Amino acid sequence: MRLIDTHLHLYDEAFDSDRDEAILKMRHAGVEKCILPAIDRSSFERQSSLARHHKGFMWQALGLHPTSVNENWKDELQFVKDELSRNRADYVAIGEIGLDGYWSREFMQEQKEVFREQLLLAAEYGLPVIIHLREATDDLFEVLDNLHTAPLKGVFHAFSGSVESYRRLKRYGELKFGIGGVVTYKNAGLAKTLPLIPLEDLLLETDAPWLAPVPFRGKRNESAYIVNVAQKIAEIKGTDIDSVAQATSANAEKLFGI
């Protein structure tokens, strides 16, 4: 069974004490490839170093996360632009980018500008995007409705929306939907949405070290737990885990060119 974790922060400090062991566990679980999304400059060297040491197994994205948009957003965004112009071949996506109104809306206007500019960058360089959205849905549609580029290509990370949201988002382009540990939670609305989303539109992800699936909820998440996510999707959709693994892996390879 081949699995691809399309969203993994393995460079996070939460793995400093046992990163090698976590890598062994994910390989034993069947994870053959993974993508490391970016946050900001503070974690860039850690992310890049890890990806360099695991070429052919780990790929990296480049971008500025919405929760890192603050007073120095222009410098952070310029770093993304400069790095992309220098080392385009090192990256398979622009991300993690998007909007987040959960922690604060103080810099929401700046978040929207940063999001818009990074979507334009992705279009310019022909890269897919990894989109983060949390409690800023209206703001997101405002940006997308005023974006004048070719149709979007990418993934909505940690998707947990309704069928209506899925259908509206699909109108913006060739978009996939990342499903992680939340799908295993008791009251997750995804149980109603997933039966109406074809496997061809889904990607597997963990967002480790966050959002661990049941029965690990509340603990540090790991890429190895992606098996639990795949199994839950299979149960909800009335299929087998091998079919989920095969479809989502093919989707990831095509979208990110890995």
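**Note on helix packing, voids and backbone geometry**

1. In helix α3, Trp73, Leu77, Val80, Lys81, Leu84 and Ser85 meet Glu110, Glu113, Val114, Glu117, Gln118, Leu121 and Tyr125 of helix α4, where contact means heavy atoms within 4.5 Å. The residues of this contact divide into seven nonpolar, two polar and four charged. In this classification Ala, Val, Leu, Ile, Met, Phe, Trp, Tyr, Cys and Pro count as nonpolar, Asp, Glu, Lys and Arg as charged, and the others, Gly among them, as polar.

2. The model is predicted: local features need pLDDT of at least 70 and side-chain atom pairs count only at pLDDT 80 or more, while totals for chains, interfaces and linings use all residues. Residues are numbered from 1 along each chain as its sequence is written, and side-chain values use heavy atoms, with hydrogens and water left out.

3. The axes of α3 (residues 73–86) and α4 (residues 108–125) come within 11 Å and cross at roughly 5°. The two helices are therefore roughly parallel to each other, a term for angles under 35 degrees, with over 145 counted as roughly antiparallel, 65 to 115 as roughly perpendicular and the rest as oblique. Axes are lines fitted to C-alpha atoms, for helices over the stretch in contact, and angles run from 0 to 180 degrees between N-to-C directions. Helices (H or I, at least four residues) and strands (E, at least two) are DSSP runs, numbered from the N terminus.

4. The UniProt annotation "binding site", from an unreviewed entry, covers His132 and His157. These residues are spread over 26 residues of sequence, yet they cluster in space, with a largest C-alpha distance of 5.5 Å. Both His132 and His157 belong to the lining of the largest pocket. His132 is placed in strand β5 (residues 129–134). UniProt positions are given in the numbering used here, feature names are shortened, and annotations may be inferred rather than shown by experiment.

5. About 590 Å³ of space lies in the largest pocket. It is lined by 18 residues, of which His132, Arg134, His157, Asp207 and Leu211 are the closest to its centre. The elements giving two or more residues to this lining are β4 (91–100) and β5; β5 gives the most, with three residues. By class, the lining of the largest pocket has seven nonpolar, six polar and five charged residues. On a 1 Å grid over the protein atoms alone, a pocket is an open set of points with protein on both sides within 12 Å along at least five of seven lines, whereas a cavity is a set where a 1.4 Å probe fits but cannot get out; lining residues have an atom within 4 Å of a point. Grid points are joined across faces, edges and corners, and a volume is the space filled by probe spheres set on the points.

6. The second largest pocket holds about 310 Å³ of space. Among its 21 lining residues, Trp59, Gln60, Ala89, Asp90 and Tyr91 lie nearest its centre. Two or more residues of this lining come from each of α2 (44–53), β3 (58–62), β4 and α9 (241–256), and the largest share, four residues, comes from α2. The lining of the second largest pocket has 11 nonpolar, four polar and six charged residues.

7. Two cavities of 30 Å³ or more are found in a search of the whole structure. The largest cavity has a volume of about 60 Å³. Its lining includes Ala158, Phe159, Asp207 and Leu211, and by class has seven nonpolar, three polar and two charged residues. Ala158 lies in the loop between β6 (152–156) and α6 (163–170).

8. The second largest cavity has a volume of about 50 Å³. Residues lining this cavity include Asp40, Arg41, Glu76, Phe79 and Val80. Helix α3 supplies the largest share of the lining, three residues. Val80 is also one of the α3 residues that meet α4. The lining of the second largest cavity divides into six nonpolar, one polar and three charged residues.

9. Two cis peptide bonds should be noted. The bond from Gly95 to Glu96 is cis, with omega near 15°, and Glu96 is found in strand β4. The bond from Val214 to Pro215 is cis, with omega near 15°; Pro215 lies in the loop between β8 (202–204) and α8 (226–237).
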